[in-house]
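Work through these exercises with the sequence and the model side by side. Try each task before reading its solution.

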Amino acid sequence: MSFCKDCIQGVRHEGEPQVSSLGTLETIDGVACYVATPTVDYPKDKVILFLPDVFGIESNNAKLLADDFAINGFKVVAVDYFNGDGLPIDVMNVGFDQSGSFDIKAWFAKHGTEQTRPPLEKVIAVLKERGLTKFGATGYCFGGRYTFDLAFDNVIQCSVVSHPSLLKVPDDLEAYSTKSKAPLLINSCEVDEKFPAEAQTQADEILGDGKFAPGYKREYFPGCTHGFAVRGDMSDPLIKAGKEGSFKAAVEFFREHL
């Protein structure tokens with residue numbers, strides 16, 4: 001499992017999740033989730049799975065984004081597939097090279113597919129039992145991998161990934177084109193070791209220009225680095241524009257395709 005320094009570095013965004021009015025902490029078949037529900041009427045058969053980065057749903061940034069999707073009319077379930085063991089938030093502040101006594105490599109080794117996929121499957125199964133039939137997924141960094149995997153299995157009907165990591169390029173892009181029926185939006189950026197310019201170009205070549213019939217779109221945000229959509233420094237005008245632009249693109253894509 002390979003990550004870059006930007007996978008665990010970022011800025012905690014200002015504001016508090018609207019736990020009382022929008023979001024609730026709910027345990028679904030033993031899995032902790034942050035569930036954000038619109039305060040206005042919304043389609044009861046649809047849900048967006050919020051698949052977080054390595055900081056999990058404990059991150060304020062994740063909850064704030066989930067709230068924002070709910071404000072825009074989508075029910076959101078953010079899944080704690082790290083089983084209460086996301087990276088400590090203070091690691092975000094100091095970064096990869098100065099993470100102190102925390103053993104990041106050991107943490108990665110304990111959070112592979114065997115540990116993190118089952119909680120996600122449990123939550124999806126319960127949501128289906130509750131009558132939800134249309135699933136979207138928005139995956140950030142680590143969550144981008146699971147967005148692709150769920151699309152391969154056609155569990156979800158619409159995919160959004162922002163600065164995805166753990167993808168094998170071009171293999172996963174080619175697999176997406178042949179296996180999935182879910183329209184795909186990729187929010188990409190200028191500096192991204194895990195989804196660099198070469199990978200972005202390959203995505204366009206494989207899925208763009210109408211080649212992927214369900215629908216494909218890639219947004220590009222200059223001046224942004226990996227992590228910008230969920231952990232970007234909002235004091236930087238370009239990163240602020242990227243964070244807000246990627247969210248707007250995601251909302252519009254879900255409205256069109258989910």
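**Exercise 1. Find the contact at the start of H9.**

Solution. Go to the start of H9, where a side-chain oxygen of aspartate 236 comes to within 2.9 Å of the backbone nitrogen of leucine 238. A polar contact is a pair of N or O atoms within 3.5 Å; within protein, one must be able to donate a hydrogen and the other to accept it, and residues adjacent in sequence count only if both atoms are side-chain atoms. Helix names follow DSSP runs, numbered from the N terminus: helices are H or I with at least four residues, strands are E with at least two.

Two notes on the source: this is a predicted model, in which local features need pLDDT of at least 70, side-chain atom pairs count only at pLDDT 80 or more, and totals for chains, interfaces and linings use all residues. Residues are numbered from 1 along each chain as its sequence is written, and side-chain values use heavy atoms, with hydrogens and water left out.

**Exercise 2. How do H1 and H9 pack?**

Solution. Two packed helices are described by the angle between their axes and the distance between the axes. Axes are lines fitted to C-alpha atoms, for helices over the stretch in contact, and angles run from 0 to 180 degrees between N-to-C directions. For H1 and H9, the angle is about 45 degrees and the axes are 11 Å apart. Now classify: under 35 degrees is roughly parallel, over 145 roughly antiparallel, 65 to 115 roughly perpendicular, and the rest oblique. H1 and H9 are therefore oblique to each other. Finally, name the partners in contact (heavy atoms within 4.5 Å). Leu65, Asp68 and Phe69 of H1 meet Lys243, Phe247, Ala250, Val251 and Phe254 of H9.

**Exercise 3. Are H6 and H7 roughly parallel or roughly perpendicular?**

Solution. The axes of H6 (residues 171–179) and H7 (residues 197–207) come within 10 Å and cross at roughly 25 degrees. H6 and H7 are therefore roughly parallel to each other. The contact is made by Leu173, Glu174 and Ser177 of H6 with Ala199, Gln202, Ala203, Ile206 and Leu207 of H7.

**Exercise 4. Trace the loop between E6 and H6.**

Solution. Start with histidine 163, which lies in this loop. Its phi is near 35 degrees, a positive value in a residue other than glycine. Histidine 163 is buried, at 0% relative accessible area. The side chain of histidine 226 reaches the backbone oxygen of histidine 163 at 3.5 Å. Histidine 226 is buried too, at 2%, and sits in the loop between E8 and H8. Return to the loop between E6 and H6 for proline 170. The peptide bond from valine 169 to proline 170 is cis, with omega near 10 degrees.

**Exercise 5. Which residues does glycine 223 touch?**

Solution. Locate glycine 223 in strand E8. It is partly exposed, with a relative accessible area of 27%. Leaving out residues up to four places away in sequence, glycine 223 touches Glu190, Leu238 and Ile239. The C-alpha atoms of glycine 223 and glutamate 190 are 5.9 Å apart, though 33 residues separate the two along the chain.

Technical notes:
Buried means under 20% relative accessible area, exposed over 50%, partly exposed in between (1.4 Å probe, protein chains only).
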